[in-house]
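Could you walk me through this protein in the viewer, one selection at a time? I would like to know what to click on next and what I will find there.

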Amino acid sequence: MIIACPHCDTLNRVPDERLKQQPTCGKCKLSVFMPAPIELTSANFANHANKSELPLVVDFWASWCGPCKSFAPIFYEAAKTWEHQFRFGKLNTEEQQALAAQYNIRSIPTLMIFKQGQLLAQQAGALPKSVFEQWLKNYC
């Protein structure tokens, strides 16, 4: 499986049998799995959304958004629980306006799941933990 490093964004080829053995990045030597969301920008989005074979769950959010703030702990907890099935990333729509426009973000939070450049799912609005986990189960 090809996985983008959450620390340096380098693409790494990881054999399936090593996925649960805390594989490390060939460039920065840090773990290719991270039990927390990464910050997505125009500089690293393509490696994680288009080139990595690990599905990417994106939380499009803004600092002024109340529902975004209330959903953040659920998203962080899911990143810990599901770190080997998905990469979790947060994209600040105020700082990354071009990416937000590219994906036609009209309301926040908006959740999207990408796998190798394909948009698998989209969900507008904050979700309760149980509903969010059920939504994720549909795509692993």
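This is a predicted model: local features need pLDDT of at least 70, side-chain atom pairs count only at pLDDT 80 or more; totals for chains, interfaces and linings use all residues.

**Stop 1: strand 5.** Are its residues buried or exposed? Here 6 of 6 are buried, and both faces are covered: Arg-87, Gly-89 and Leu-91 lie on one side, with Phe-88, Lys-90 and Asn-92 on the other. Now bring in the neighbours. Strand 3 pairs with strand 5 in the parallel sense over 2 bridges, and Ile-38 has Gly-89 as its bridge partner. Strand 4 also runs parallel to strand 5, joined by 6 bridges; look for Trp-61 opposite Asn-92.

**Stop 2: across to strand 6.** Strand 4 and strand 6 run antiparallel, with 5 bridges between them. Click on Val-58 and you will see Met-112 of strand 6 standing opposite.

**Stop 3: the helices on the sheet.** Follow the chain from strand 4 through helix 2 to strand 5, and you trace a right-handed β-α-β unit.

**Stop 4: the cores.** Show the side chains of Phe-45, Val-58, Tyr-103 and Phe-114. In the largest nonpolar core, which has 18 residues, these four touch the most other members. Helix 1 (45-51), strand 4 (56-61), helix 3 (97-102) and strand 6 (110-115) each supply at least two of its residues, and strand 4 gives the largest share, 3 residues. A second, separate core of 15 residues includes Ala-78, Phe-88, Phe-132 and Trp-135. Return to Val-58: beyond its sequence neighbours within four places, its contacts include Leu-40, Phe-75 and Leu-91.

**Stop 5: Asn-44.** Finish in the loop between strand 3 and helix 1, where Asn-44 sits. Why does Asn-44 count as buried? Its relative accessible area is 7%, so it falls under the 20% limit. A polar atom of the Asn-44 side chain lies 2.7 Å from the backbone nitrogen of Thr-41. Leaving aside neighbours within four places in sequence, Asn-44 is in contact with Asp-9 and Glu-39.

Conventions: Residues are numbered from 1 along each chain as its sequence is written. Side-chain values use heavy atoms; hydrogens and water are left out. A nonpolar core is a set of buried Ala, Val, Leu, Ile, Met, Phe, Trp, Tyr and Cys residues joined through side-chain atoms within 4.5 Å. Buried means under 20% relative accessible area, exposed over 50%, partly exposed in between (1.4 Å probe, protein chains only). Helices (H or I, at least four residues) and strands (E, at least two) are DSSP runs, numbered from the N terminus. Contact means heavy atoms within 4.5 Å. A polar contact is a pair of N or O atoms within 3.5 Å; within protein, one must be able to donate a hydrogen and the other to accept it, and residues adjacent in sequence count only if both atoms are side-chain atoms. Two strands pair if DSSP finds at least two bridges between them. A crossover is right-handed if, with the strands pointing away from the viewer, the path from the first strand over the helix to the second runs clockwise.
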